Amino acid sequence: MRPLRNPVIQTILSSVLAAWMKFCFATIRWTWEGREHAEQVWADGGGVLCVFWHSRIGLSPACWPLDLAQPAKALISLSPDGQFIAKAVALQGFPAVRGSSANKDKADAAKGGSRALRDGLKQLKIGALAITPDGPRGPCRVMAEGLPLMARMSGAPVLFIGMSCNPAIRLGSWDRAVLPLPFGKGAIVYDVRRYPDGADLADVTGPWTELLTAVEARADAITGLERL
């Protein structure tokens, strides 16, 4: 049995990971760009889609100050690895909406896509929903249409977030996920868009993919983290 399928091991490891992330975030020297976009979203309140590539999940709690921003939940896959991540993120104040709209190889009922869409839209009536549009299995930095669909249906603004830190741990996962190390340099870059009136999903997915990659690349340029 894979270790992460064991609930006890999941709980222990997620608690350790959450504590480590909090320590690192407190000691990293952060640079912010485009924060005015995020501050306007926080001041307006209500629903907002918070978007970042899957490789930066380990940095994501740093981009959302709970004392300033509206309550947030994270869309996390139904996989055992997703459950582990969901527990670690929840310990930092971000409970999960479980499911995925990105994996087209599984039946909708198996991946929880319909329920995730329904629960996600419900969350967007009151607060923020964090999405990794290339998750849960990639390809890396390839956006599925679930994000544009939610933006069109909800009418919520989309906050594109690039995050980086250096030095960092690079995991051997499909996305080469980044985990923070303490006492380094960090960067968070924001930009914002709304779904264009009358646009097709396919017409939005490409430009939004480029924008999300651009804010992440800018964050990496600030910290000096190598692009992979």
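Residues 24 or more positions apart account for 76% of the contacts (heavy atoms within 4.5 Å) with a separation of 6 or more in this protein. The model is predicted: local features need pLDDT of at least 70, side-chain atom pairs count only at pLDDT 80 or more, and totals for chains, interfaces and linings use all residues. Residues are numbered from 1 along each chain as its sequence is written, and side-chain values use heavy atoms, with hydrogens and water left out.

**Secondary structure**
- The protein holds 7 helices and 7 strands, taken as DSSP runs numbered from the N terminus (helices H or I, at least four residues; strands E, at least two).
- Along the sequence, the pattern reads α-β-α-β-β-α-β-α-α-β-α-β-β-α.
- Helix H7 (residues 201–223) has 23 residues and should span 33 Å at 1.5 Å a residue, which agrees with the 33 Å between its end C-alpha atoms; the expected span is 1.5 Å times one less than the number of residues.

**Nonpolar cores**
- Of the 228 residues, 52% count as buried (under 20% relative accessible area; exposed is over 50% and partly exposed in between, with a 1.4 Å probe and protein chains only).
- A nonpolar core is a set of buried Ala, Val, Leu, Ile, Met, Phe, Trp, Tyr and Cys residues joined through side-chain atoms within 4.5 Å.
- The largest such core has 36 residues, of which Trp 64, Leu 159, Ile 161 and Tyr 190 touch the most other members.
- Apart from this core lies another, of 29 residues, among them Trp 53, Leu 129, Ala 199 and Ala 219.

**Salt bridges**
- The whole structure has 8 salt bridges, each a side-chain nitrogen of Lys or Arg within 4 Å of a carboxyl oxygen of Asp or Glu.
- Arg 141 pairs with Glu 216, their closest N and O atoms being 2.9 Å apart.
- Because Arg 141 lies in the loop between S5 and helix H6 (146–154) and Glu 216 in helix H7, this pair ties together parts 75 residues apart in sequence.
- Glu 216 is buried, at 1% relative accessible area.
- Arg 35 and Glu 39 form a salt bridge (3.2 Å, N to O), and both lie in helix H2, 4 residues apart.
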